[in-house]
Amino acid sequence: MKRRTPVSEIMTKDIIALNRSDDLERAEMLFKRYNIRHMPVVNEESIIGMLSYTDLLKISFADVTEDNHNINAVVYNMFSIEQVMTKTPICVSPNTTIREVAEILAESEFHALPVVDKDTLVGIVTTTDLINYLLKQF
């Protein structure tokens, strides 16, 4: 295992992101369509927050009723992306080592970090990316 491997080697570069003007119904649709659990929220190319699928579950009545889509739509319309997202997330650069990223994620309560180069979002790294990297080492 290389000690100084940069996170740019394992991060997801094909980013699914939300704009601050998107609504939570769109967020839920993207989470389900792409089978992902974290999305950066951007203003143009600059990151302003992170939204997780767990954030949506906290405000919804998921799986409570048979008609949960209509209930979620009503609840989602009560909040904006900016009200639900994590503001000013911890970001890393593409040159941050995989070890440093693992340490940040191990010490925090979240499971994804935006990767930013000169204030521009260039990727996202998740705990799943780290686990897949470790598995390849064996």
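**Note on the predicted model**

1. D22 is found in the loop that joins β1 to α1; helices (H or I, at least four residues) and strands (E, at least two) are DSSP runs, numbered from the N terminus. This is a predicted model, in which local features need pLDDT of at least 70, side-chain atom pairs count only at pLDDT 80 or more, and totals for chains, interfaces and linings use all residues. Residues are numbered from 1 along each chain as its sequence is written, and side-chain values use heavy atoms, with hydrogens and water left out.

2. Is D22 buried or exposed? D22 is buried, its relative accessible area being 16%; buried means under 20% relative accessible area, exposed over 50%, and partly exposed in between (1.4 Å probe, protein chains only). A polar atom of the D22 side chain lies 2.8 Å from the backbone nitrogen of N19.

3. The largest nonpolar core has 15 residues, and L18, L24, A27, L51 and I81 have the most contacts inside it. A nonpolar core is a set of buried Ala, Val, Leu, Ile, Met, Phe, Trp, Tyr and Cys residues joined through side-chain atoms within 4.5 Å. At least two residues of this core come from each of α1 (24–34), β2 (38–43), α2 (53–59), α3 (68–76) and α4 (81–84). The most is given by α1, with four residues. Another core, of twelve residues, lies apart from this one and includes I10, V101, L105 and V115. In soluble globular proteins, nonpolar side chains tend to be buried together.

4. Which residues does A27 touch, leaving aside its neighbours within four places in sequence? A27 is in contact (heavy atoms within 4.5 Å) with L18, M39, L51, L56 and I81.

5. An open sheet is formed by four strands in the order β1-β2-β3-β4, with mixed pairing; two strands pair if DSSP finds at least two bridges between them. The edges are held by β1 (18–19) and β4 (86–87), each with a single partner strand, so one side of each is left without a neighbour in the sheet. Strand β3 (residues 46–52) pairs with β4 in the antiparallel sense over two bridges, and G49 stands opposite K87 in β4.

6. Helix α5 (residues 98–107) has I98, V101 and L105 buried. These residues cover an arc of only 60 degrees around the axis, which puts them on the same side of α5; the arc is that of the directions from the helix axis to the C-beta atoms. The buried residues of α5 pack against β5 (112–117), β6 (120–126) and α6 (127–137). Exposed residues R99, A106 and E107 are carried on the face of α5 turned away from its buried side.

How values were computed. Polar contact = N/O pair within 3.5 Å; in protein donor to acceptor, adjacent residues only side chain to side chain.
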